[in-house]
Amino acid sequence: MIVVMEQGASQQDIDHVVKSIRELGLREHVITGTERTVVAAIGDDRAKSKENIEMLPGVEKVMPVLAPYKMASREVKKDRTIVPLGGTLGAAAGGKQVCLIAGPCSVENRTALLEVAHQVKEAGATALRGGAFKPRTSPYAFQGLGEKGLEILAEARDQTGLAVVTEVMAVDQVELVAKYADVLQVGARNMQNYNLLCAVGDQRKPVLLKRGLSATLEEFLLAAEYIISRGNPQVILCERGIRTFETYCRNTLPLAIVPEVHRISHLPIIIDPSQGTGHAHLVPDMCKAAVACGADGLIIECHDDPEHALTDGAQSITPKALGNLMKQLRKIAAAVDREI
Ligand code: PEP
Ligand code: MN
C-alpha cells in the first residue's frame, strides 16, 4: 500500500507511520517530496488492515496496490480457468466454446421439465438450468419443489446428457444439492452469505456464483475468493444485473464487467440476461452483446409456455426463440473467434 501524508505532516507523524508499517511485518520506503511525503509499504499487505494506518495522525489517504483478492486474481494466475460443467455434452466455461445453459426459472413438474430439457438441447444448449429451491421475495410465492425437483433434473440429465445447474440456498442443503446437480448455483441474494460460500468451497462440484444485487466487482471477486480459498477452484462468475434507479428493466445489466473481469481475473464469466433485464423481448439482443464482448457463457430462462410459468415468465423466452437466437449467436461468436 501507499501512504500519502498530509501536507505539513510532522516528522513525528511520519515516524509513527513507519513504526506501524513495521509492526504489520512490512518494510517502508519513505519518499520525501517538495510538497508532501509518501510512504510505500513493501510486502504482501492483502491481509493487513489499511484502516489502521489511515486513522493515524498526519495521514491523508492509503491506497492499496495489490488487489485484495488473491487466488481469483490475474496477478496470481495468468492462464484462464476452464471449468467443465459435467453432463456428457462437453459443456465447459472459459474455453473457446461459449457455453449455453438454458431452462426454466424453476422446476415446475416432471413432464414440463423433461420436455423443455429436450427442446433446449435441440436448440444447442449443453447445460440445463432450473431451480428446485427458489429464493422468492414473498414467502407466499412458489418456493420450488425441493428434493423432488432435484430428482426431476437428474432424470433430465440422464435422458439428454445436459449438465444440471441448480441453486443451493443454505449450508444444510449443500450435500443434497451436490448429490443431484453438476453445478451448484449460489444466488444473488446469497453472494455475501459467507457460511454458504465456505460450504460450497468445501465440496468438489463447480460453483456458479451470481453477483449480488448491489455488490461491487471487488466484493464479487472476494466472494469467489472465499470459495477458491477453501480448495474449490471451479468458480464461474455470473453477472445477472444490479439494482439501479432505472425502471424500464428489472435490473441494469452492466456488460462492461465481462472485459473487466477478463483483465483482472482468470475466472470465466457468464451472463444472465433474463434476471438482467426482466423482459423476454430484451433477452436476445443482450445475449448477442454478451457474446460480442467476450462472455464465456449465457444462462437463459426458457419456458414452453411463459404465460403460465410459475416464476419469471415475463423474462423467459421460448425454445423456438432460443433456436433462432442460436443461429445469430453462432455468427457473432465466429466474429470474435469463439464458438457456440
Ligand atoms: C434465478 O436464476 O432464477 C435466480 C433467482 O437468480 P438470481 O439469484 O440472480 O436472482
Ligand atoms: Mn428466475
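What volume does the largest cavity have?

## Basis of the report

The model is predicted, and local features need pLDDT of at least 70, side-chain atom pairs count only at pLDDT 80 or more, and totals for chains, interfaces and linings use all residues. Residues are numbered from 1 along each chain as its sequence is written, chains are lettered from A and ligands numbered from 1 in the order in which they are written, and side-chain values use heavy atoms, with hydrogens and water left out.

## Cavities

The largest cavity has a volume of about 70 Å³, where a cavity is a set of points on a 1 Å grid over the protein atoms alone at which a 1.4 Å probe fits but cannot get out, and lining residues have an atom within 4 Å of a point. Grid points are joined across faces, edges and corners, and a volume is the space filled by probe spheres set on the points; by this rule there are two cavities of 30 Å³ or more. The lining of the largest cavity includes Pro104, Leu113, Val116 and His303, and by class it holds five nonpolar, two polar and two charged residues (Ala, Val, Leu, Ile, Met, Phe, Trp, Tyr, Cys and Pro count as nonpolar, Asp, Glu, Lys and Arg as charged, and the others, Gly among them, as polar).

The second largest cavity holds about 30 Å³ of space, and among the residues that line it are Cys105, Arg129, Lys134 and Gln185. Its lining divides into two nonpolar, four polar and three charged residues.

## Ligand site

Cys105, Arg129, Lys134 and Gln185 are also among the residues around ligand 1 (each with a heavy atom within 4 Å of it), and the shell as a whole has three nonpolar, three polar and six charged residues. Oxygen atoms of ligand 1 make polar contacts (pairs of N or O atoms within 3.5 Å) with the side chains of Arg240 at 2.7 Å, Lys134 at 3.0 Å and Gln185 at 3.2 Å. The protein covers 97% of the 300 Å² of accessible area that ligand 1 has on its own, by the Shrake-Rupley method with a 1.4 Å probe.

## Domains

An automatic or database domain assignment divides the protein chain into domain 1 (2-63) and domain 2 (83-335), and their centres, taken over C-alpha atoms, are separated by 44 Å.

Notes
A polar contact is a pair of N or O atoms within 3.5 Å; within protein, one must be able to donate a hydrogen and the other to accept it, and residues adjacent in sequence count only if both atoms are side-chain atoms. On a 1 Å grid over the protein atoms alone, a cavity is a set of points where a 1.4 Å probe fits but cannot get out, and a pocket is an open set with protein on both sides within 12 Å along at least five of seven lines; lining residues have an atom within 4 Å of a point.
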